[in-house]
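Visitor: Please show me how to read the features of this model, one at a time.

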Amino acid sequence: MGLNDVPLANLSFVGSENMLKLLSEGRDDAERYTDLLVNSQVVPSYEDVSIPAVQEYRDFMARYNPEVPAELVTEEYTPFPHSFVSLEGFLDAKLMVEILRRLGDNPSRKGLEQAVFTIQDFDIGIGEMVSFGPERRQGLQGVYYTVVDQGRFVTLDDWEKRFANVG
């Protein structure tokens with residue numbers, strides 16, 4: 001087994017899009033560096049538009065084209081049109097809107113925890129229900145594995161098929 005036959009696994013906070021850009025940009029042999037790359041994510045791939053919340057996220061991103069406030073940019077910066085971090089933020093915002101709705105017309109810090117605990121089997125559109133409670137403070141349990149395919153991260157559905165020729 002050669003060095004190029006060893007899968008490389010990363011956790012979601014590696015900055016998937018920046019890592020892919022560094023491994024691929026300006027390289028004719030980018031696949032050499034990305035073919036066996038696996039990243040875990042806490043949200044599904046933003047490329048999977050069969051997932052309702054992903055399609056909603058992409059629609060919102062296209063419609064509003066959010067930009068980093070100019071006063072926060074201290075060096076040349078080009079944001080990615082889509083990213084796992086921004087999809088996670090989008091899903092977090094959907095959940096926060098529901099929590100605020102449940103707080104009612106007179107929201108208070110005191111009522112926040114109780115409003116969160118009323119979230120039971122809430123569908124945010126990714127195929128996994130969100131629930132909270134005094135003994136459950138993590139809303140989602142899923143881990144999504146992604147791999148690079150044609151220069152973009154897609155969901156890894158079949159480990160055996162993807163790594164059949166390794167080793």
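Visitor: Which residues of H4 are buried?

Guide: This is a predicted model, in which local features need pLDDT of at least 70, side-chain atom pairs count only at pLDDT 80 or more, and totals for chains, interfaces and linings use all residues. Residues are numbered from 1 along each chain as its sequence is written, and side-chain values use heavy atoms, with hydrogens and water left out. Buried means under 20% relative accessible area, exposed over 50%, and partly exposed in between, with a 1.4 Å probe and protein chains only. In H4 the buried residues are Phe84, Leu87, Phe90, Leu91, Leu95, Glu98, Ile99 and Leu103.

Visitor: At what angle do the axes of H3 and H4 cross?

Guide: Axes are lines fitted to C-alpha atoms, for helices over the stretch in contact, and angles run from 0 to 180 degrees between N-to-C directions; helices (H or I, at least four residues) and strands (E, at least two) are DSSP runs, numbered from the N terminus. The axes of H3 (residues 52–64) and H4 (residues 84–103) come within 10 Å and cross at roughly 105°. The two helices are therefore roughly perpendicular, a label given to angles of 65 to 115 degrees.

Visitor: In what order do the strands of the sheet lie?

Guide: Strands of a sheet pair through backbone hydrogen bonds, either parallel or antiparallel. Here two strands pair if DSSP finds at least two bridges between them. The open sheet has four strands in the order S1-S2-S5-S6, with mixed pairing. Strands S1 (8–10) and S6 (152–155) stand at the edges, each with a single partner strand, so one side of each lacks a neighbour in the sheet. S1 runs parallel to S2 (residues 37–41), joined by three bridges, and asparagine 10 has asparagine 39 in S2 as its bridge partner.

Technical notes:
Parallel < 35°, antiparallel > 145°, perpendicular 65-115°, else oblique.
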